[in-house]
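I opened this model to go through its strands, helices and cores. My entries follow, in the order I looked things up.

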Amino acid sequence: MAQYDVVIAGGAMAGATLALAIAHLSGDRLRVAVVEPHAVETQSHPGFDSRSIALSFGTVTLLKHFALWDEMLPFATPIRHIHVSDRSHAGMTDIGVQEVGGEALGYVVELADVGRFYQQRLQHHPSIDVYLPDAVIDVQRDSQQVQLTLQSGQSLTSRLLVAADGAISSCCEQLGLALQKHDFQQTAIIANIVTQESHLGRAFERFTEHGPLALLPMSDNRMSLVWCLPPQEAARVMALSDSEFLGQLQQAFGWRLGAFKRVGQRASYPLVLHHRTQNISHRFAVVGNAAQTLHPIAGQGFNLGIRDVASLAEEIVNSAQDAGAYPTLMRFKQRRAADRSNTIQMTSALVHIFSNDYLSLRLGRNLGLGLMDNLSLLKQPLLRQTLGLVSR
C-alpha cells in the first residue's frame with residue numbers, strides 16, 4: 001500500500017498547482033499523489049477544455065513563487081488595459097497597466113495549453129506520483145491517516161486528502177460536506193472571436209440588459225468571449241448561424257474592435273454558484289471549484305481558487321511532520337474565511353446589479369462607473385480585487 005503525505009483528488013489547474021507548489025516549497029521533502037480521471041490527450045478533460053481564463057496580477061505573482069510562471073509565459077497573452085462599460089448608457093471606467101506599474105494587469109491562458117504543461121511537469125516530478133486515469137471511490141479515516149481505494153483497485157494511505165475534483169466533488173459528497181447552490185438563471189456562451197481591429201492587449205467587460213459580456217485578448221489576435229444570457233435567450237443565440245451570431249454579438253458589444261469577423265466553435269453552460277461553507281474536515285481540505293464555483297463576472301473564480309491553493313500549500317509545508325494535523329487545517333480555514341466570503345458576496349452582488357435593466361439600478365451603476373473613473377479613492381478597491389491583491 002503506497003503511503004503519502006498528501007493525496008490530491010483532481011489534477012486540473014487547482015490540483016496540479018497545489019501538487020507542484022507543495023513540491024517546490026518543501027524542496028521535494030513531502031510525497032504527493034495526484035489522482036485524476038481524465039488524460040489531457042483525450043481532448044475531453046473538463047478542467048482543460050477549450051476555454052481560456054484570465055490570471056490576475058496576484059495569481060501570476062503566486063505562480064512565480066511556485067516556479068511555474070516562466071514556462072507558462074510563452075503561451076500567455078498579457079492584459080494591458082481593461083475597459084468596463086454599460087451598453088447604451090454613459091457609465092464606464094478604464095484600468096490601465098500604468099496604474100500598477102508592471103508589464104500587465106494579468107494574462108490570458110488557454111486551458112488546453114496549461115493542461116499539457118502541467119501534465120508534463122507532474123509526470124516527471126520526483127516527489128509526485130500521478131494515478132491517471134483513476135479516481136477515489138472510497139475514503140476511510142482514522143485518527144492518524146486517510147485510507148483511499150481507487151477505481152483501479154489500488155489502495156493509498158495519506159496524512160491528508162485534498163478535494164480538487166470540481167464543483168460536484170465526489171470526495172466532498174462521500175464525506176458529507178454540504179453544498180449550497182444558487183441558480184443565477186443565466187447561461188454562459190463561450191467562443192473564440194476574431195475581430196477587425198487588433199485587441200492590443202485590451203480586455204472588455206460590457207454590461208447589457210441581459211447580463212455581462214466579456215472579451216479577453218488571446219494569441220493570434222483572437223478574443224475569448226464569455227456572454228451571459230437568460231437560458232431561453234442563450235438557446236436562441238446558440239441556434240443562430242455564425243453570421244447571425246456575429247451580428248447579434250456586434251449589436252450587444254458595439255464597434256470598439258471594429259467588425260466581428262469570425263467565430264469558432266461555441267459552447268454553453270448554466271451559471272450556478274456552488275459553495276461549501278465547510279472547507280475542511282478531519283484530515284480533509286477542499287480547494288478550487290470544489291470549494292466554490294463563481295459566476296464568471298469580473299473573472300474572480302479561478303483566482304480565488306489559486307489563493308486557496310497557495311495558503312494550503314504554505315500551511316502544509318510549515319506543518320512539520322503531519323500535513324493533515326488539526327492545527328494545520330484550522331490555520332488554513334481561518335486564513336481563507338474572509339477572502340472567500342468577500343469574493344463570493346462581491347461577485348453575486350455584481351450579477352444582481354449589472355444583469356438587469358431596472359431604472360434605479362441602471363442609474364446607480366452608471367453613476368458608480370462614472371465616479372470610479374474619476375475618483376481614485378473609489379477605484380482602488382475594485383482595482384485591488386481585479387488584480388487579486390487581497391489578503392489571504
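Which residue in β11 does V7 stand opposite? I looked, and V7 stands opposite L161.

**Ground rules.** I am working from a predicted model, in which local features need pLDDT of at least 70, side-chain atom pairs count only at pLDDT 80 or more, and totals for chains, interfaces and linings use all residues. Residues are numbered from 1 along each chain as its sequence is written, and side-chain values use heavy atoms, with hydrogens and water left out.

**Confidence.** I checked pLDDT, the predictor's confidence in each residue from 0 to 100. The protein has a mean pLDDT of 87, and 86% of its residues reach 70 or more. Contact means heavy atoms within 4.5 Å. Over residues 358-379 pLDDT also stays under 50, with 36 such contacts. Where pLDDT is low, the predicted coordinates should not be read in detail.

**Strand β1.** Helices (H or I, at least four residues) and strands (E, at least two) are DSSP runs, numbered from the N terminus. I took β1 (residues 2-9) first: 6 of its 8 residues are buried, so the rest of the structure largely encloses it. Buried means under 20% relative accessible area, exposed over 50%, and partly exposed in between (1.4 Å probe, protein chains only). Strands pair if DSSP finds at least two bridges between them. β1 pairs with β11 (residues 155-163) in the parallel sense over 7 bridges. With β2 (residues 32-35), β1 pairs in the parallel sense over 4 bridges. There A9 stands opposite V35. I also noted that β1, α1 and β2 make a right-handed β-α-β unit. Right-handed means that, with the strands pointing away from the viewer, the path from the first strand over the helix to the second runs clockwise.

**Cores.** A nonpolar core is a set of buried Ala, Val, Leu, Ile, Met, Phe, Trp, Tyr and Cys residues joined through side-chain atoms within 4.5 Å. The largest one has 50 residues, and I8, L55, M72 and Y118 have the most contacts inside it. Helix α1 (residues 13-25) gives the largest share of this core, 9 residues. Apart from it I found another core of 24 residues, including I79 and L271.

Why does the span of α8 agree with its 17 residues? At 1.5 Å a residue, residues 301-317 should span 24 Å, and the end C-alpha atoms are 25 Å apart. The expected span is 1.5 Å times one less than the number of residues. In α8, 17 of 17 residues are buried. A313 is found in this helix and is buried, at 0% relative accessible area. Beyond four places in sequence, A313 is in contact with L18, A21, I22 and L25. Its C-alpha lies 9.1 Å from that of A23, 290 residues apart along the chain.

**Helix α4.** I find 13 residues in α4 (residues 111-123), reaching 18 Å from first C-alpha to last, close to the 18 Å expected. Its buried residues include F117 and Y118.

I found a cis peptide bond joining L132 and P133, with omega about -10°. P133 is in the loop between β8 (128-131) and β9 (136-141). A67 has phi near 60°, a positive value in a residue other than glycine. A67 is partly exposed, at 39% relative accessibility. L200 is not a glycine either, yet has a positive phi of about 55°. L200 is exposed, at 60%.
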